[in-house]
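Please keep the sequence and the model at hand while reading the questions and answers below.

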Amino acid sequence: MSINSKPTIKNQPQVSLRTKDIVAAYTLLRIVVGINYFNHGFTRIFDVPSFINAMVNTMQSSGIPEFLVRINAALVPPVELIVGALITVGFLTRSALIACFILMIILMYGVTMIQNWDGASSQLIYNIILFILLAGVNFNRFSIDDWLKNRN
């Protein structure tokens, strides 16, 4: 049975997913996720040193060398800001989602090294949503990517 097919059994409700509804849902989810990442970066970008120091303190028991924690912590706010903006407007969406996954892999490594399982659970939810967005990138029709593709 395809997504758009309708059952022929009597008295059974008709269930179908319309492409335009999937496109709308994809667009809204993409915008929400983009705003989330953008605001994570935006709120941290003006005080990166404090963010770096907080990460160093949090990761002290991880066994990860401090210089690596500092480098990664310095990169998190600008990466979040940039990928958040790109995802929000739907520009280079696939690449921005992959960059988010890479960021999440690094963050997941760190959070599990300090055994912060609540943080890991939260990050798993982000990763499921990133999976949905990346797997459904063909529904990214209200975006700069789609506008550029159709312009040519």
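Q: In which helix does Asn 127 lie?
A: The model is predicted, so local features need pLDDT of at least 70 and side-chain atom pairs count only at pLDDT 80 or more, whereas totals for chains, interfaces and linings use all residues. Residues are numbered from 1 along each chain as its sequence is written, and side-chain values use heavy atoms, with hydrogens and water left out. Secondary-structure elements are DSSP runs numbered from the N terminus (helices are H or I with at least four residues, strands E with at least two), and on that basis Asn 127 lies in helix 5.

Q: Is Asn 127 buried or exposed?
A: The classes rest on relative accessible area (buried under 20%, exposed over 50%, partly exposed in between, with a 1.4 Å probe and protein chains only). Asn 127 has a relative accessible area of 14%, and therefore counts as buried.

Q: Which residues are in contact with Asn 127, leaving aside its neighbours within four places in sequence?
A: Contact here means heavy atoms within 4.5 Å. Under that criterion, and with the neighbours within four places in sequence left aside, the contacts of Asn 127 are Phe 101, Met 104 and Met 108.

Q: Which residues does Tyr 126 touch, not counting residues up to four places away in sequence?
A: Tyr 126 is also in helix 5, and because its relative accessibility is 25%, it counts as partly exposed. With residues up to four places away in sequence not counted, Tyr 126 touches Asn 36, Tyr 37, His 40 and Met 104.

Q: At roughly what angle do the axes of helix 1 and helix 5 cross?
A: Two packed helices are described by the angle between their axes and the distance between the axes. Axes are lines fitted to C-alpha atoms, for helices over the stretch in contact, and angles run from 0 to 180 degrees between N-to-C directions. For helix 1 (residues 19-45) and helix 5 (residues 117-135), the axes come within 10 Å and the crossing angle is roughly 135 degrees.

Q: How are helix 1 and helix 5 oriented to each other?
A: Angles under 35 degrees count as roughly parallel, over 145 as roughly antiparallel, 65 to 115 as roughly perpendicular and the rest as oblique. The axes of this pair cross at roughly 135 degrees, and helix 1 and helix 5 are therefore oblique.

Q: How many residues of each class does the contact of helix 1 with helix 5 have?
A: Helix 1 contributes Tyr 26, Leu 29, Arg 30, Val 33, Asn 36, Tyr 37 and His 40, and helix 5 contributes Tyr 126, Ile 129, Leu 130, Ile 132 and Leu 133. Ala, Val, Leu, Ile, Met, Phe, Trp, Tyr, Cys and Pro count as nonpolar, Asp, Glu, Lys and Arg as charged, and the others, Gly among them, as polar. By these classes the contact has nine nonpolar, two polar and one charged residues.

Q: Which residues have the most contacts inside the largest nonpolar core?
A: A nonpolar core is a set of buried Ala, Val, Leu, Ile, Met, Phe, Trp, Tyr and Cys residues joined through side-chain atoms within 4.5 Å. The largest such core has 22 residues, and those with the most contacts inside it are Tyr 37, Leu 97, Cys 100 and Leu 130.

Q: Is Glu 80 buried or exposed?
A: Glu 80 is found in helix 3, and its contacts beyond four places in sequence are Tyr 37, Phe 38, His 40, Gly 41, Arg 44 and Leu 103. Because its relative accessibility is 4%, Glu 80 counts as buried.

Q: How is helix 3 oriented to helix 4?
A: The axes of helix 3 and helix 4 come within 10 Å and cross at roughly 150 degrees. The orientation of helix 3 to helix 4 is therefore roughly antiparallel.

Q: Which residues does Arg 141 touch, not counting residues up to four places away in sequence?
A: Arg 141 lies in the loop between helix 5 and helix 6 (144-151), and because its relative accessibility is 40%, it counts as partly exposed. Not counting residues up to four places away in sequence, Arg 141 touches Thr 19, Val 23 and Asp 146.
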